[in-house]
Amino acid sequence: MSGNLPERAAAPTSADDDQLVKRLQSGDEAAFAELIEAHGGRMLATAKRLLGNDADAQDALQEAFLSAFRSLDGFRGGARLGTWLHRIVINSALMRQRARGRLAEQPIDPLLPKYRAGGHMERVPERWTAVVDDILETRERRDVVRAAIDRLPESYRTVLTLRDLEELPAKEVAQALGDTEGAVKVRLHRARLALRTLLDPYMREAVA
Amino acid sequence: MNCTDFRRVAREYLEGQLPHTQQRVCEAHERDCAACGALMATARELPCRALCEFLCDYVEDSLPARQREVFERHLGICGECVDYVDSYRTTVDLAKRCCEPSEPLPQALIDAILAAKRSEDDPAANGDARNLDN
């Protein structure tokens with residue numbers, strides 16, 4: 001049975017968060033807009049990565065903010081505001097995923113490495129010549145990597161998003177997805193192998 | 001044949017892909033050289049396929065010491081696996097760092113969320129503003 005992520009975080013509340021929370025709790029309208037502006041972009045990107053399309057991601061984001069606004073009185077500052085909001089949007093997106101049911105996924109096997117009978121790789125991997133820092137320099141190059149992540153089958157993209165991008169502990173991810181930690185680990189490994197395969201042609205070409 | 005030459009062709013030797021004469025020369029070197037013999041024993045113990053299965057634990061530094069040693073011995077004779085491990089690490093790093101910067105929210109979406117909040121606070125005064133398509 002799948003559950004929700006605990007809406008808590010490891011880092012202590014910052015002074016800025018404290019002030020903003022006080023203004024939110026007193027009903028200051030401008031504070032709500034500030035909160036959405038400050039955290040909404042990153043929250044939307046995560047929701048989109050989990051749900052695969054803009055419309056569902058925007059709905060999940062709105063649900064998440066409304067849910068957060070309703071819970072503000074209970075926010076006692078044991079968590080950083082951004083981390084707390086992020087957990088709420090992840091829960092909201094995962095609930096949407098569950099509600100719409102499992103999509104018919106493309107099999108991941110064609111993206112996994114193949115081996116010959118002796119246990120050696122069928123296709124000898126080539127060294128990647130592209131430099132990570134060069135790719136990070138422009139939006140177009142980052143988009144190549146993001147698009148590759150978006151091409152992963154949903155269940156694999158979900159685990160990669162929660163573990164590698166959001167850096168949630170395996171135990172929490174397993175709990176949220178109603179899976180075992182072992183299954184999450186296997187899925188994460190396959191997601192990484194598949195993503196590596198998708199990036200391979202691009203990464204073998206040095207970025208000019 | 002010296003150890004450097006042997007290790008250069010070790011993977012092909014292991015797979016039996018070398019010409020017959022060179023294959024025999026390698027067999028002789030493996031038999032006579034304790035260090036290269038030990039390397040080949042390890043490679044046979046852990047072929048590339050098995051190495052891939054341990055890859056996740058290896059990069060997360062959670063392999064038990066004995067398995068880590070066998071893993072690293074394999075890397076010592078298999079340049080292709082060294083490249084593969086590097087590219088696996090790079091994949092994890094790239095995914096994280098390419099997704100970090102995010103676009104600011106469009107103002108229309110901020111307004112829609114604020115309208116939905118007002119609607120929830122006072123449904124009679126604001127109607128249903130929760131439809132983001134409007």
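My entries on rings, charges and the interface follow.

**Ground rules.** I am reading a predicted model, where local features need pLDDT of at least 70, side-chain atom pairs count only at pLDDT 80 or more, and totals for chains, interfaces and linings use all residues. Residues are numbered from 1 along each chain as its sequence is written, chains are lettered from A and ligands numbered from 1 in the order in which they are written, and side-chain values use heavy atoms, with hydrogens and water left out.

**Entry 1: aromatic pairs.** I looked for rings of Phe, Tyr and Trp (its six-membered ring) with centres within 6.5 Å; planes under 30 degrees apart count as stacked, over 60 as edge-to-face and the rest as tilted. F32(A) is in helix α2 (residues 29–51) of chain A and F69(A) in helix α3 (residues 54–71), 37 residues apart. Helices here are DSSP runs (H or I, at least four residues), numbered from the N terminus.

F32(A) is buried at 4%, and F69(A) is buried at 12%.

I also noted Y58(B) and F71(B), a stacked pair at 4.0 Å centre to centre with 15° between the planes. Y58(B) belongs to helix α5 (residues 48–59) of chain B, and F71(B) to helix α6 (residues 65–77). Y58(B) is buried at 7%. F71(B) is buried at 1%.

**Entry 2: a charge over a ring.** The rule wants NZ of Lys or CZ of Arg within 6 Å of the ring centre and within 35 degrees of the ring normal. K117(B) puts its charged end over the ring of F32(A), 4.1 Å from the centre. R187(A) lies over the face of Y156(A), at 4.7 Å.

**Entry 3: the interface.** I counted contact as heavy atoms within 4.5 Å. On that rule, 53 residues of chain A touch 44 residues of chain B.

How many salt bridges are there between chain A and chain B? I find eight, each a side-chain nitrogen of Lys or Arg within 4 Å of a carboxyl oxygen of Asp or Glu. E60(B) and R192(A) meet in a salt bridge at 2.9 Å, N to O. On the side of chain A that touches chain B, α2(A) gives the most, with 11 residues.

Definitions and conventions. Helix = DSSP H or I, 4+ residues; strand = E, 2+ residues; numbered from the N terminus. Buried < 20%, exposed > 50% of the residue type's maximum accessible area, 1.4 Å probe, protein only.
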